[in-house]
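Trainee: I would like to go through this structure with you and learn what stands behind the words used for it.
Mentor: Then let us look at it together and take the terms one by one.

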Amino acid sequence: MAQAGGERVHLKGEVGSMLTKSQPNPTGCLFQQGKEEVTKEGGKKVKINKLTFRQYMALVYIFSKLNTKGEYPKKEEIKRVIGFSSDRMLQITLKALEEKGFIIFHGLNCNPMVEITEEAKKYSSVLVDKLFLTNRYVKYDDIKDKIGTIPKKSYIKVATSFLELDLDYLNNSKKIVHRWCDLLEDFPPSLVWSKFKEYKLAPGHIVLDPFAGSGTTLVTAKLLGIDAIGIDVNPVASFISEVKTTWDVDLQMFKKEADAIISALIKASGILDEVRITTKAFENMDTMELYQWLKPRTQNDVAFTKERINEVKDERIKKLLLLALIVAAREASNVSFCPGTTFYPFRKRPSFLDAFRNKCEEIYEDLFTLAKIDKDYGEITIFNADSRDISYIEPNSVDFILTSPPYPNDLEYTRQTRLELYLLDFVKNMEDIKKIKMKMVKGSTKLIYKDSCSAKYIKKFDSIQKIVEKLKRAFSDKKWGWDYPRMVEEYFGDLYIVLENIREVMREGGYALFVVGQQTYKKILIPTGLILAEMAKDLGFQDITVETFRTRRNTLHDIPLKEEIVAFRK
Ligand SMILES: C[S@@+](CC[C@H](N)C(=O)[O-])C[C@H]1O[C@@H](n2cnc3c(N)ncnc32)[C@H](O)[C@@H]1O
């Protein structure tokens with residue numbers, strides 16, 4: 001099968017053949033020989049995965065320009081691709097590339113400013129990217145006209161479907177539907193399953209997950225025939241939960257549409273190799289941000305597929321295909337989530353096409369299996385909203401809550417889902433992102449704004465105040481970006497409001513289970529579970545228990561961090 005996406009680059013010629021060793025330089029500048037380790041050309045081992053994003057952008061541009069135009073780029077061009085207009089930042093970037101052994105940096109006013117080292121030339125096949133430099137653009141409609149009629153072909157394999165139709169096996173071992181898409185910090189489907197069994201939940205009960213994430217609680221509830229409500233403030237999370245709990249679709253139609261899209265993508269791949277597609281898909285995303293996520297060739301695949309999905313009439317099928325699109329885009333991306341959002345441009349990734357096809361197959365197989373089971377699945381209602389206000393839920397109506405709020409671990413969820421937020425048109429700019437961040441539980445310092453004001457609700461808790469004081473002392477020398485004391489206060493203040501709210505909507509005798517994680521900053525432990533238990537007691541909840549669910553190791557120190565399940569009854 002033809003491959004689209006990935007990291008294919010077509011070298012016009014050998015980059016190395018265009019280069020000469022340090023020649024007399026036309027501007028008469030003295031070459032800066034730099035540090036000893038760099039001047040021994042080829043002597044230094046270059047580590048391609050050690051490049052930062054800006055260094056990568058500069059290097060790819062240098063390689064690509066040399067390869068396509070036979071010349072080194074000018075100062076202003078590299079400034080443009082690294083997103084800085086100052087000489088200082090350009091100098092820092094080029095010096096870093098020199099120190100890492102990729103280039104010889106002659107100086108900003110020299111011509112050429114840089115030369116590629118022999119060692120770096122070995123990587124020309126991954127560093128030359130002709131789409132990076134092209135000014136040839138083509139519209140989606142023109143590509144469609146060019147590829148003409150597309151033969152009917154089946155790429156989605158006819159579902160073999162799981163032989164076992166046992167729900168326990170499907171949920172816990174096969175992770176049916178759960179596997180379509182996960183988000184960082186989701187909890188395992190088997191945990192939800194075992195807790196549903198332990199608390200004897202059954203059809204007729206109402207379950208709530210006020211921090212639904214990728215919908216693990218909701219999918220399990222639906223599978224067991226239990227109605228559930230899910231809330232998440234991040235529209236990407238709500239979208240994922242909604243799609244994962246909409247099982248009533250015309251499967252033959254889904255297969256037909258998915259096959260047609262894959263066929264079109266394969267047929268268009270020759271064009272998408274050569275020219276950029278003008279598209280609305282990324283028009284709102286900052287260019288630097290976009291390149292951090294996707295290489296130009298993958299951008300072409302994603303944009304083409306999105307345009308094609310937009311032609312699908314059936315809204316449910318369209319959303320399933322969009323889910324496959326965002327998961328495939330992420331799988332083919334440069335970004336990895338451990339730790340944080342890290343840029344790995346040279347990590348081996350599946351092509352977008354393969355990832356998209358696999359996802360469509362998974363979706364088809366799971367929906368096919370679910371349709372074979374004779375069962376009334378639960379009804380799921382999703383709200384894209386802030387759980388600090390759930391006044392729209394009927395008081396005393398919820399039987400059971402199983403949820404996992406953000407942890408106070410400085411993880412910023414809109415950063416993890418930035419690509420999807422733009423791809424699904426939920427945001428147009430940073431202002432829109434800020435609006436989402438402002439409504440989030442403050443598990444990260446990056447979520448705190450001038451008017452964040454939940455700290456006032458937890459002043460009465462000595463345990464929290466003691467931690468805040470310790471953190472203040474530990475971070476007294478830091479001025480910016482380290483506001484952990486404030487984050488901790490806001491975080492527990494937010495959770496206190498949520499606990500107050502859920503008390504209203506829970507039925508008398510109903511249970512709530514919160515899965516939370518401990519955290520440390522400068523070895524100061526934040527015992528999230530114990531503090532949550534204390535706040536639950538303050539609000540009049542009973543039968544409070546704290547159970548260790550698993551233990552994580554922090555990469556920075558040796559203190560094991562517990563993830564705990566705090567359970568309490570109204
Ligand atoms: C730890 S994740 C939940 C993971 C989920 N249990 C799963 O299995 O995917 C926490 C979620 O809380 C959401 N969130 C943060 N602040 C919120 C708020 N104020 N209201 C509702 N959801 C919020 C985040 O967007 C994130 O999806």
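This is a predicted model: local features need pLDDT of at least 70, side-chain atom pairs count only at pLDDT 80 or more; totals for chains, interfaces and linings use all residues.

Trainee: What makes helix 8 roughly perpendicular to helix 13?
Mentor: The angle at which helix 8 (residues 140-147) and helix 13 (residues 251-274) pack is about 105°, while their axes are 10 Å apart. Since angles of 65 to 115 degrees count as roughly perpendicular, the value for this pair falls in that range, and therefore helix 8 is roughly perpendicular to helix 13. On the side of helix 8 the contact is made by Ile143, Lys146 and Ile147, and on the side of helix 13 by Ala264, Lys267, Ala268 and Ile271. In the contact of helix 8 with helix 13, the residues divide into five nonpolar, no polar and two charged.

Trainee: What is omega for the peptide bond that joins asparagine 111 and proline 112?
Mentor: Omega is about 0° for that bond, which is a cis peptide bond. Proline 112 itself lies in the loop between strand 1 (103-105) and strand 2 (114-116).

Trainee: What is noted about phi of aspartate 410?
Mentor: Phi is near 65° there, which is a positive value in a residue other than glycine. Aspartate 410 is found in the loop between strand 10 (398-403) and helix 18 (413-416).

Trainee: Which residues are the closest to the ligand?
Mentor: Asp186, Phe211, Gly213, Thr216 and Ser387 are the closest of the 24 residues that surround the ligand. The shell around the ligand divides into 12 nonpolar, six polar and six charged residues.

Trainee: Over which residues does pLDDT stay under 50?
Mentor: That holds over residues 1-42, for which the model has 87 contacts beyond four places in sequence. For the chain, the mean pLDDT is 88, and 89% of the residues reach 70 or more.

Technical notes
Residues are numbered from 1 along each chain as its sequence is written. Axes are lines fitted to C-alpha atoms, for helices over the stretch in contact, and angles run from 0 to 180 degrees between N-to-C directions. Helices (H or I, at least four residues) and strands (E, at least two) are DSSP runs, numbered from the N terminus. Angles under 35 degrees count as roughly parallel, over 145 as roughly antiparallel, 65 to 115 as roughly perpendicular and the rest as oblique. Two residues are in contact if their C-beta atoms, placed from the backbone, lie within 7 Å. Ala, Val, Leu, Ile, Met, Phe, Trp, Tyr, Cys and Pro count as nonpolar, Asp, Glu, Lys and Arg as charged, and the others, Gly among them, as polar. pLDDT is the predictor's confidence in each residue, from 0 to 100. A residue is near a molecule or strand if its C-beta atom, placed from the backbone, lies within 6 Å of it.
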